[in-house]
Structures are given as C-alpha cells and as structure tokens.
Amino acid sequence: MAAALFAAWPIAAQAPELAMLDSLKKGGWLLRIRDDGSQRKICLRTGRELIQLRHRQPGCSDFIVKDGASEVVVQYTCRGNGYGRTSIRREDNELVQVNTQGIYNGVPFAFGGEARFHGPC
C-alpha cells in the first residue's frame, strides 16, 4: 500500500499543463507584429488564445513541446487547414514574446511579436 502511495506522489505534485499561460492577466491584449508593425487585439480568457494566432478555428489537435514556468512551445495541426508551432515566452503576467510559424491554407507563415495587456476586453 505504501509503495502505491509513493508511486502516485509525482503525478499529484505536477503543475497543470500550460500553467504559465494560466498565470497571464485575463482581459484585452495588444499583439504588435515585429516585421510590419501591425497590431491585433486579442481577448485572453485562458492564455491559450495566443497559441493559434493564424488558425483561429476550433478542433485542432496539439502537442506540447515545452511546458516551462516562463516559456511554452506548442505544435498543433488543424486537419485540412495546415499546422503551426508557437513559442510564448513570459516577461511578466502582462507582457509576452510570441513567435509562430507553419502552414495556413497551403501557404507558409512566420511572424514574431510582443503581446501586452491593455485593459478589459
């Protein structure tokens, strides 16, 4: 019985997947794209909205490549519409660096930017 209890201990002590994204301030964020200076407003409810910036459809499958305290990397596939890989690095709970690349509708994309909290959605 004691062996079973100790075997389960590491599982119970683990943080939830993508906990770094959960720690980001909820509300309206402004994403500034480095390449062209364009801006995009994003409403963060969970933080996971930053993963699929190009593929905004539901039902994509994902694979967590890195799940750290200050950085997450997620690779995802949207059946019939391409795939992507996104890296999100937290500066603090109101500022993150985002890099993403992949294929959308048969066309490659890649961009990086800075997302900053700016108020309510």
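The largest nonpolar core comprises 24 residues, and those with the most contacts inside it are Leu21, Leu24, Leu50, Ile88 and Val96. Such a core is a set of buried Ala, Val, Leu, Ile, Met, Phe, Trp, Tyr and Cys residues joined through side-chain atoms within 4.5 Å. Two or more residues each come from helix H2 (19–22), S1, S2, strand S4 (71–78), strand S6 (95–104) and S7; helices (H or I, at least four residues) and strands (E, at least two) are DSSP runs, numbered from the N terminus.

A word on conventions. This is a predicted model, in which local features need pLDDT of at least 70 and side-chain atom pairs pLDDT 80 or more, while totals for chains, interfaces and linings use all residues. Residues are numbered from 1 along each chain as its sequence is written, and side-chain values use heavy atoms, without hydrogens or water.

Ile51 itself lies in the loop between strand S2 (39–44) and strand S3 (61–67). Ile51 is buried, at 6% relative accessible area, where buried means under 20% with a 1.4 Å probe, protein chains only. Its contacts beyond four places in sequence include Leu18, Val74 and Tyr76.

Finally, the sheet: seven strands form an open, antiparallel arrangement in the order S2-S1-S7-S6-S5-S4-S3, pairing being defined by at least two DSSP bridges between two strands. The edge strands, S2 and S3, each pair on one side only.

Note on methods:
Buried means under 20% relative accessible area, exposed over 50%, partly exposed in between (1.4 Å probe, protein chains only). Contact means heavy atoms within 4.5 Å.
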